[in-house]
Amino acid sequence: MWIYLLRRLLAGVIVMLVLSFGVFILVALSGNPLAALKATPGVSRATIAAAAAQLHLNEPLADRYWNWLDGLLHGNFGSSYTGQPVGSQIAQRLLVTVKLVVPAVILSVLIGVVVGVISAVRQYKPVDHVSTGLAYLFYSTPVFVLGLLLKDFLAVDVNRAVGHTVLFTVGQSTPGITGTWNVLANEVQHAALPVITLTLVTYATWSRFQRAAMLDVLNADYIRLARAKGLSPRRVLFVHALRNALIPVITVVAIDFAALIGGALVTEIVFSWNGMGQYLFNGLTGAESPDVYAVSGWLMVAGTAVVMFNILADLLYGVLDPRIRNA
Amino acid sequence: MSPLLEVMGLNVTFRTRDGDVHAVRDLTFRLGRGETLGIVGESGSGKSTAALAILGLLAKNARVTGSVKAAGQELLSLRERDLAHVRGSVIAYVPQDPLSSLNPAFTVGWQVAETIWTRREMSKEAAHRRAVELLEAVGIPRAAEQARRFPHELSGGMRQRVVIAIAMANDPDVIIADEPTTALDVTIQAQVLEALRSARELTGASMILITHDLGIVAGLADRVMVMYAGKPVEAGPVDDIFFRSRMPYTLGLLGSLPRLDGVGYARLRPIPGAPPSLVKLPPGCPFVPRCPVVIGRCAEEEPTLRLAAPEHSSACHRSRELAAGVPLFGTADPAPPAPQTLPAVDDRPIIGVTDLVKHYPLTSGRLARRKVGNVHAVCGVSLELRERETLGLVGESGCGKSTTARSILQLLPATSGSVRFGDQELTTQTRRQLRALRQHVQVVFQDPMASLDPRIPVGEIVAEPLRVHERWDRRTGPARVAELFRLVGLNPEHRNRYPHEFSGGQRQRVGIARALALEPKVLVLDEPVSALDVSVQAGVVNLLEDLQDRLGLSYLFIAHDLSVIRHICDRVAVMYLGKLVETGTRSQVYDAPSHPYTQALLSAVPVPDPQVERQRRRILLTGDVPSATSPPSGCRFRTRCWKAQGICATEEPVLADRGQGHPVACHFAEKAAVLPGPRR
């Protein structure tokens, strides 16, 4: 067990090394951060050379990667081209994304499991058709459309009905508010819409997974035997069926969650949240892009999340399914 | 007093895209206290569906009408919640496949205990203690320890016992066992049937035993009901059904069985054709197309189950005449005319195998595969197959018989040993040389649905070997394919159909035609009839016998069914855990079995004769077959053998004649008559 975990972690480290090297090189070669500076009339060669030196652009690529990696191993993510420390920037961004993603994932799991189970138990009944239709609707609607619709209809109507702003449509919080409860309430008001948006998109897929897994299990012979044993319908459903039907869903949730740590880019942009997604986006398209240090820093955090949650998903699978445990 | 279980006019219809499937039609029977009713039928006869309908366990697309009363209470109108109180405590159920029927996420002890504490005023601890007792009662050794295991960690026989323990848990009045031993080996089957017997005794329950195996019914049932095309066609006391049947289908079924105890090896009498589709049943008796004694009335009016003798009813317009003995199925499948003159038999073996060994490496580890051991599938097997001879290789699953076959065919590279075809050593041939030699040794697999490409018309499947070996001629090829079709009893006009359009028996005939396309000298038949229903199996067995006579073929016939082997084989080799334990002619092995394993095998096979079954004494082996990864030292059978002594663990007995007249690999080999003598 521990050897297995150690081996998986080691493999994860190797994956991250290869990935960071590849991304570092590709990003560095994919554009010139000084293009804008060069295009500006009246900028002297010396200025450009100084800027290049400051950004280490004059050094060989391998050396730059090595220096970056060396810093990373000493806990230093380096500075972005705009001069800010990548480490603390990402920490801030990560906090923002977590505030958005964690509530959305919790809600999505709850809604997805409940809807999926009901759909499966009532297969081809009206409830199933409605939930299937909604799931496809939410899944196929582009996130920015969904976000804008919520802003324009839900937020505006609610705010008008109440008489003051209940649902904020932009940003993570209103500056200048004091008092723990006020701050918390304000943050919830800001988070409501983006969380709802992300939840609708996410629950839609998960409920389909849950429905399929549940249908699979409900048709299994052991459910028939559980009924033949004389167990109550409720016990058959929740103890025997759900226990097994959750296994594949949990894996999907763990892996999707890891991907969301890297940022829910569209949602963040629609609601002007400065999360991980926007950080990557800015690093690739901002003023001095491509910003190798920002992108590589982002990659280390997002990639680690993916690797860790993949391992977690596998471990959970082993815990939940005894057939995998000893294999 | 009302009967324990009363089923009246039960009908089950499934709605499908192809139309309504009438799976059970007009099923009526009563089950008295302490009685065992055997329900017999081939696949698709509706016997399992009936069981599930009684318990209210059918899928949602099933429409169930009629009446099912348990102790006077109507069950069909009960809601699921109320039915739950009936299930398990009034009627318990033993399902067919114990692996898929046990929840993979919970230990087996928990699953037995759950049945108890959810239904009774009993603490979980007390329920668990009771569960261990139940597991002991059905013959699970070290039950307390086994109770902590998960289903996948137990063997098939052990799992089946767990399921029986679950059925016993709430002291039911009726136990419905649906093919409880179908997936099991014969020695394990004997153990599980014993467990079922003790379950019946301990709970005092009545039993409905559903099976396709007439031998099991003969040994366990008091009364028998035969089903065909969803309907009961005959019902009565077990002796009446076996000895005084009044229904052509039952008679046909009994006649088509190869017997372990028969006199001589008379040709089987198959029932022609295949069971009807249940979607659009024509009016009249569904057995008409296969029945040898049809009269005009049969096609117009479907006979209902009527009393033909006291307590004995049958659904046949001619049941009264049958009692007087109308000749049936006498020469329904005549042997073909005498073969053309074949060349004289060569005395040298056509296939010779010496010390064949096949090990599979066992690996572990997820990132780097490491070899951690070997599965010793075949360990030093030596065989000889002579011209125009049928050699039977028999043994239970996992004994290495299929691996042996595949190694002989060079489909698997042997680890060591020699395989010869005539004078040529096969193990050292190059690929190209082997390909040429393959023309002479062909194979027929067990599952024709899996071994025939579903997207190729059967005519092409049969022609393909000719093309591969560049023996296809555009002018004569189609005629050759038609000839092959006729040879195996198929209509050449069906050559453009696809495998799924044929019945199981016909598909196996396609497989045989394909194997014969290259005019081979040897056919390796790997369980060629075990996927087929008995009435169809007989036809394929007869075909194989005819082909051997006409074409002078040699057969290596691999099977687990000892009755089929006895019927078709000239010589028999018995295999256990990768080794041969006994070889000899058919009469040597069957009439004077001398290895304890052979004796146990033969004694475990149920015989379709209730009088014989009542008197038989079984040799019950203990435990399961050991793992082939680390087989026992010395004699591999010693862990289950009642004769085992010190020498068995230290010295491996060689396969040699020890005064029995044929080779036996046992230090204490001794002839014993295990099979009942020929009756009548």
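This briefing describes the domains, contacts, sheet and helix packing of a predicted model. Local features need pLDDT of at least 70, and side-chain atom pairs count only at pLDDT 80 or more, whereas totals for chains, interfaces and linings use all residues. Residues are numbered from 1 along each chain as its sequence is written, and chains are lettered from A and ligands numbered from 1 in the order in which they are written.

**Domains of chain A**

- Chain A is divided into domain 1 (14-73) and domain 2 (86-325), with bounds that come from an automatic or database domain assignment.
- The C-alpha centres of domain 1 of chain A and domain 2 of chain A lie 36 Å apart.
- Between these domains, 14 residues of domain 1 of chain A are in contact with 14 residues of domain 2 of chain A; two residues are in contact if their C-beta atoms, placed from the backbone, lie within 7 Å.
- On the side of domain 1 of chain A that touches domain 2 of chain A, α1 and α4 (61-73) of chain A each supply at least two residues. Helices (H or I, at least four residues) and strands (E, at least two) are DSSP runs, numbered from the N terminus.
- The largest share of that side, eight residues, comes from α1(A).
- By class, that side of domain 1 of chain A has 11 nonpolar, three polar and no charged residues. Ala, Val, Leu, Ile, Met, Phe, Trp, Tyr, Cys and Pro count as nonpolar, Asp, Glu, Lys and Arg as charged, and the others, Gly among them, as polar.

**Contact between the chains**

- Chain A gives 22 residues to the contact and chain B gives 26 residues.
- On the side of chain A that touches chain B, at least two residues each come from α1 (2-29), α9 (221-228), α10 (233-261) and α14 (322-325) of chain A.
- With seven residues, α9(A) gives the most to this side of chain A.
- The residues of this side of chain A divide into nine nonpolar, four polar and nine charged.

**Domains of chain B**

- Chain B is divided into domain 1 (5-221), domain 2 (231-259 + 266-324), domain 3 (349-563) and domain 4 (586-664).
- The centres of domain 1 of chain B and domain 2 of chain B, taken over C-alpha atoms, are separated by 28 Å.
- Their contact takes 14 residues from domain 1 of chain B and 13 residues from domain 2 of chain B.
- On the side of domain 1 of chain B that touches domain 2 of chain B, β2 (19-31) and α9 (214-220) of chain B give two or more residues, and β2(B) gives the most, with eight residues.

**The sheet in chain B**

- Eight strands of chain B form an open sheet with mixed pairing, in the order β6-β7-β8-β3-β9-β10-β12-β11; two strands pair if DSSP finds at least two bridges between them.
- Because β6 (91-94) and β11 (306-309) of chain B stand at the edges, each with a single partner strand, one side of each is left without a neighbour in the sheet.
- Strands β3 (residues 36-40) and β8 (residues 206-211) of chain B pair in the parallel sense over five bridges.

**Two packed helices in chain B**

- Helix α16 (residues 458-468) and helix α18 (residues 504-516) of chain B pack at an angle of about 25°, with their axes 7 Å apart. Axes are lines fitted to C-alpha atoms, for helices over the stretch in contact, and angles run from 0 to 180 degrees between N-to-C directions.
- This makes α16(B) roughly parallel to α18(B), since angles under 35 degrees count as roughly parallel, over 145 as roughly antiparallel, 65 to 115 as roughly perpendicular and the rest as oblique.
- B:V458, B:I461, B:V462 and B:P465 of α16(B) make the contact with B:V510, B:A513 and B:R514 of α18(B).
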